[in-house]
Every structure is written in C-alpha cells, then in structure tokens.
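Here is a short briefing to read alongside the model. Please keep the 3D view open as you go.

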Amino acid sequence: MNQAKNKPKVVIIGGGFGGLQAAKELGNEPVEVTLIDRKNHHTFQPLLYQVATAVLSPGEIASPIRRILHRYKNIEVILGEVVGFDLEKQTVKLEECVSGLCEVGYDYLIVAAGARHSYFGHDEWEADAPGLKTIEDAVEIRRRVLLAFENAEREAYLTGAQKPLNFVVIGGGPTGVELAGAIAGIAREALKKDFKAIDTTKARVMLYEGSDRVLGTFAKELSEKAKQQLEDLGVEVYLDSFVTEVEENRIKVGENWIECSVALWATGVAASNLGKALGVETDRAGRVLVNPDLTIPIYKNVFVIGDMVSLKMENGSPVPGVAPAAMQMAETACANITHDLHNQPRENFRYTDKGSMATIGRNKAIAEIGTWKFSGYIAWLMWLFVHIISLIGFRNRLWVLTEWMWAYFTRERSARLITGDAHEMREMPRLPAADQIVDIPKIDSKKVLETAK
Ligand SMILES: Cc1cc2nc3c(=O)[nH]c(=O)nc-3n(C[C@H](O)[C@H](O)[C@H](O)COP(=O)(O)OP(=O)(O)OC[C@H]3O[C@@H](n4cnc5c(N)ncnc54)[C@H](O)[C@@H]3O)c2cc1C
C-alpha cells in the first residue's frame, strides 16, 4: 500500500463530471486524493454550445479545478497528461517527467477521462467539421461561425453580390440540435442589424441526421415537436441522411455534394484511449466493460466511471453518457472504496434516471421526466433552471443568468469577439486530426480562457 501519511492513496484521472464528483465524495474521508487532469479547468459541457454561438464567454462555464477543490485538505490537483498504467505496480504514467519521475503510485485508481467524438474511421474530417467537446473547440467553432458572416459581408461589400451562406450541422442529437437552433438564432436575430451588405436572415442552417428522427433518445412525439421547433426557427432538418464525405467547405450526403461555409460535427462517441491502455475488454467505441461494482476484471482497486464505461441497466438498455450518470458512478466507486476501508461489502452501480431535456432555441425545448413530457416554453424554463443550478460556483451562476437575461431581452450576443488580425483570420487554421489532438495536450488553458473572453 502506498502509505502517504498512513492513509490509502486514491488517484483520480479526470476533473470532469465524474472525476470531480469522486474527489468531492472523498474530500472528507480518511484517504489521500490526487486528481490529475490535462486541463486546469472543469468544463460545464452542457453549455459549451453557448460559447460556440457567442452567448457566453469561456470563463462563465469553466472553473479552475484547483479552485473548486481548494477547501479539501486531503486533495492535491496535478496538471498533467496520463499516458498509461502499470496495474501490477499500481502506478499511473504521466507524459512529462519531473527530474526523471513520471509515475504516480496509488492504492485505488478511478479513471474518469471521458470521451470525444468519433469520426467513424475518418479522423481527417475533423479539420473541416470540428466537434464540440472542449473550451478550445467552442472558441474555434465560434470563430468559424462569426468569420463566415464577416467574410460574406466583405465579399458582398466588394462585389455587390451576396453569396450563399450555408451552415451545416451533422448529427441530430442534443448538441447538433442546440448548435443548429442557436446558429439560426444568430442569423435571424442577433446579427441582423449589424451587417449592412448582407442579409444575415438569408443564411441557411441545415441539420443532417442519419436516423429517422432528431433527439432519438426522447419519446417519438417529443422528437417530432423538437423537429417542428427547429423548423420554426428556420433550420432545414434532413432525416435519414448519412454524411459520407467531408471536405473543406462541402459535405457529401448520399450522392449529393452540399456547399457550406461552416460544417460542424455532432455525432459519434469515442471513449478516451486510456480505456484501451488498461488492457481490458472494450466495446466498439472504446468504452470499458466494467464489473457491476465499476471495477475492471482482476484489479478490484481500479474503477472506471463516466463516459468511458459501457454498462447495461437492469432493463437491458445502456447507461447513457450523461453528466448525472458519471456523477452517480463516482458516488458508487467512492462508496465502494469507503466500504473497503470499513470492511463492509461492496455495492453494485444502479443508475437513477432523473429525466432528460434538450433546448432548441429561445422559448423552445423538450423535457421528459418519467412519463411526464413537456415541450415549448415550460420545457425551456425547466432547462434554464436545471442548468443554472447545476453550474459550479455562485459567480458563474450569476454571470450566466445575467448574460441570459441580456440575450433574452436584447436578442444580442455579447461574446462576439474574434481574436487575431484580418489577415490572420482570412485563412481558417485547420484543426489537427483527432488522434493528433490526443498527443498535443500542452495547451495553455489559462491563456485560452483569458484571451478568448
Ligand atoms: C457538447 C456537449 C453537451 C453535453 N450536454 C449534456 C447535457 O445537456 N446533459 C448531460 O447530462 N450531459 C451532457 N453532455 C455529456 C456530459 O458532458 C458527459 O456525459 C460527462 O461530461 C461525462 O463525464 P466524465 O467525467 O466521464 O468525462 P468528462 O466530463 O468529459 O471529463 C473528462 C476529464 O478527463 C480529462 N482527461 C481526459 N484524458 C486525460 C488524460 N489522458 N490525462 C489527464 N486528464 C485527462 C479531461 O480533460 C476532462 O477534464 C454533453 C457533452 C457534450 C460534449
């Protein structure tokens, strides 16, 4: 046992919803906790699309992990990229070594490194259709969206003609629906009066979904209502439409190429590579097949939680990749660690579904809580309430509430800055492919948060 101050040492990888909850659960227990994350901040992912569409600034939905956990004396936070494990030696390996030391020892390990988008074997598409997972993604998407309007204005001013301005969103899940609805809102309301040479309301927003309905995890009648609400906002919704190619400024749907100024990717899940690094069985999305107590086979001191996990509920359907599931798994994993400390039997994970909701735009949302179904204004108010109370920190809640009220009454977007000079902006930098992103963790997160505001 790694006897730091004679207390068992718990290492948590990831300061997302699962990892952060795990740290809080253990904050007052007789254990020494080390939380390792490659970012210095926790991101409230449900509101990322609002950063991507200029409603909120990055600092309003992200908080330094060190600050969130500062009051727990038994928790140390380390900024670092975990690249592997030695499960026999009970160590995790960090990418960067300090004085030749790259390993952190543990008695218990909780792996909560989350997931990213999957491009279904076409990682090269990411450069032309970025996904939304991190603050950096959101800032890049915001840049592309705002820049598309700026470029169209410049061209119309110089030539006297407005070229088509098309935004394509690939994937009709919650993120795709939110992005499409919000971009339509920008074009039809927020930017309308600010551009003189172009009519922003003529911008087309097209949503492509491979299945026969949007928001497919909701009841069918709610999916239909969501589609109607999207169309009311001016979004063109194409169902049963598989995107088969993505290139710069165009996508292929079936046999047809569609020209677009901006394409965004909002489908597919690929769990963190750390699942495979554990050397255990994973599903096709790289999610770890865990035991009912959330441990991996053989190693009863290694827990995997959150989006990295593939687990079925009692009714046979998979536990969804949502924040409450990650947090509930954190509670079970930590309860099992404390049960061990008290020589009590372990418990199995049981997911409690408290309902789900998705927003589509101003006054438009759907919500499903048990057999109760809501849509429109009531669902939208419920969505606002749940997201405000779920945000971490009173300051963030206050800021976000203020920004929302401002946006609601003025129909403006306050976070519309694009950084860089005109010549730097003209050429959109192409993002590295997903596998390369995994290998370049040295992003100065603080700088990003400060400059992107
Ligand atoms: C755009 C978007 C919108 C969403 N909206 C909703 C919503 O409305 N409601 C809802 O319930 N859920 C929503 N989700 C899903 C929800 O965010 C996830 O289910 C949840 O974040 C999973 O928690 P997690 O702890 O498993 O992973 P995450 O919260 O993703 O945290 C993973 C952490 O691990 C860190 N990490 C990764 N790899 C390493 C490494 N090698 N070394 C060190 N650190 C590492 C990351 O930096 C990150 O901090 C949304 C997700 C996205 C992307």
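Helices (H or I, at least four residues) and strands (E, at least two) are DSSP runs, numbered from the N terminus. This is a predicted model, in which local features need pLDDT of at least 70 and side-chain atom pairs count only at pLDDT 80 or more, while totals for chains, interfaces and linings use all residues. Residues are numbered from 1 along each chain as its sequence is written, and side-chain values use heavy atoms, with hydrogens and water left out.

**The ligand and its surroundings**

- The ligand is surrounded by 30 residues, where a residue is near a molecule if one of its heavy atoms lies within 4 Å of it.
- The closest of these are G18, D37, Q45, V82 and D307.
- Polar contacts here are pairs of N or O atoms within 3.5 Å; within protein, one must be able to donate a hydrogen and the other to accept it, and residues adjacent in sequence count only if both atoms are side-chain atoms.
- In the side chain of D37, an N or O atom is 2.6 Å from an oxygen atom of the ligand.
- A polar backbone atom of V82 is 3.0 Å from a nitrogen atom of the ligand.
- K133 has a polar side-chain atom 3.2 Å from an oxygen atom of the ligand.
- On its own, the ligand has 1,000 Å² of accessible area, and the protein covers 89% of that; such areas come from the Shrake-Rupley method with a 1.4 Å probe, and for residues only the protein chains shown count as cover.
- Two or more residues of the shell come from each of α1 (17-26), β2 (32-37) and α9 (323-341).
- Sorted by class, the shell has 12 nonpolar, 12 polar and 6 charged residues. Ala, Val, Leu, Ile, Met, Phe, Trp, Tyr, Cys and Pro count as nonpolar, Asp, Glu, Lys and Arg as charged, and the others, Gly among them, as polar.

**Buried places**

- Buried means under 20% relative accessible area, exposed over 50%, and partly exposed in between (1.4 Å probe, protein chains only).
- Helix α1 is largely enclosed by the rest of the structure, because 8 of its 10 residues are buried. They are F17, G18, G19, L20, Q21, A22, A23 and L26.
- D128 sits in the loop between β10 (115-116) and α5 (135-159) and counts as buried because its relative accessibility is 12%.
- A polar atom of the D128 side chain lies 3.4 Å from the backbone nitrogen of E248.
- A156, in helix α5, is buried at 6% relative accessibility.

**Exposed places**

- F385, V386 and I389 make a nonpolar surface patch of about 280 Å². Patches are made of residues with over 30% relative accessible area and no salt bridge, with like charges joined within 9 Å and nonpolar side chains (Val, Leu, Ile, Met, Phe, Trp, Tyr) within 5 Å; a salt bridge is a side-chain nitrogen of Lys or Arg within 4 Å of a carboxyl oxygen of Asp or Glu.
- F385 belongs to helix α10 (residues 377-390) and is exposed at 54% relative accessibility.

**Backbone angles to check**

- Most residues other than glycine have a negative phi.
- I298 is not a glycine, yet has a positive phi of about 75°. I298 is in the loop between β19 (288-289) and β20 (302-304) and is exposed at 75% relative accessibility.
- N343 also has a positive phi, near 55°. N343 lies in the loop between α9 and β22 (356-361), and its relative accessible area of 73% makes it exposed.
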